[in-house]
Amino acid sequence: MKSPQDSLILTYIGDDSWSRPVYRDQFQHLWKDTDCGRHDVPSLYSSVNDEFDGEPYMPIQQDFVLVGAKKSEDKRFQYMMLDRLRCDCNYYLGYGNRNEKILWGGTPQEHIECMKKRWKDFADNEKPEWLTWEQILEYERQMCTTPDKT
């Protein structure tokens with residue numbers, strides 16, 4: 001029987017670009033859950049060149065213990081909702097002709113506040129690359145001010 005000292009200690013460090021949870025062991029090697037966190041026991045594979053966004057390579061062969069495991073909460077919905085809010089902004093400012101009825105948040109101010117809250121709810125390593133804080137502030141500037149009637 002193997003002793004606990006023989007086990008790899010895996011610490012959750014974030015999700016890669018394919019939404020696979022990534023873990024680091026005590027030897028600084030990276031492991032990826034190819035089931036994307038859908039099961040209680042992850043299906044772990046080494047990462048090519050120990051790169052965060054590297055491809056999964058070989059299945060884990062050692063016993064392991066998860067420390068700071070990924071929360072079971074799935075972030076996909078939060079990303080989809082934030083993208084939906086972003087798309088509403090684009091439509092509102094374009095073909096929507098500034099019609100507040102198309103905004104999920106009701107009014108432009110409430111809509112932007114909802115976007116800000118959802119964006120802030122992501123940890124720094126989870127923030128979407130496709131929507132920055134500065135872009136949200138620009139949407140706020142465009143949507144929450146009266147357009148010039150020239």
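## Leu 85 in helix α1

Leu 85 sits in helix α1. Helices here are DSSP runs of H or I with at least four residues, numbered from the N terminus. This is a predicted model: local features need pLDDT of at least 70, side-chain atom pairs count only at pLDDT 80 or more, and totals for chains, interfaces and linings use all residues. Residues are numbered from 1 along each chain as its sequence is written, and side-chain values use heavy atoms, with hydrogens and water left out.

Is Leu 85 buried or exposed? Leu 85 is buried, at a relative accessible area of 0%. Buried means under 20% relative accessible area, exposed over 50%, and partly exposed in between (1.4 Å probe, protein chains only).

Not counting residues up to four places away in sequence, Leu 85 touches Trp 104, His 111, Cys 114, Met 115 and Arg 118. Contact means heavy atoms within 4.5 Å. Leu 85 and Arg 118 are 33 residues apart in sequence, and their C-alpha atoms are 9.9 Å apart in space.

## Helix α1 against helix α2

Two packed helices are described by the angle between their axes and the distance between the axes. The axes of α1 (residues 76-93) and α2 (residues 108-121) come within 10 Å and cross at roughly 150°. That makes α1 roughly antiparallel to α2. Angles over 145 degrees count as roughly antiparallel, under 35 as roughly parallel, 65 to 115 as roughly perpendicular and the rest as oblique. Axes are lines fitted to C-alpha atoms, for helices over the stretch in contact, with angles from 0 to 180 degrees between N-to-C directions.

From α1, the contact includes Met 81, Leu 82, Leu 85 and Tyr 92. From α2, it includes Ile 112, Met 115 and Trp 119. The contact residues divide into 10 nonpolar, one polar and three charged. Ala, Val, Leu, Ile, Met, Phe, Trp, Tyr, Cys and Pro count as nonpolar, Asp, Glu, Lys and Arg as charged, and the others, Gly among them, as polar.

## Helix α2 against helix α3

α2 and α3 pack at about 175°, with their axes 10 Å apart. α2 is thus roughly antiparallel to α3. Among the contact residues are Trp 119 of α2 and Trp 133 of α3.

## An aromatic pair

The structure holds three aromatic pairs. In one, the rings of Trp 119 and Trp 133 have centres 5.3 Å apart and planes at 45°, so the pair is tilted. Rings of Phe, Tyr and Trp (its six-membered ring) pair if their centres lie within 6.5 Å; planes under 30 degrees apart are stacked, over 60 edge-to-face and the rest tilted.

Trp 119 lies in α2 and Trp 133 in α3 (residues 133-143), so the pair ties together parts 14 residues apart in sequence. Trp 119 counts as buried, at 13% relative accessibility.

Conventions:
Helix = DSSP H or I, 4+ residues; strand = E, 2+ residues; numbered from the N terminus.
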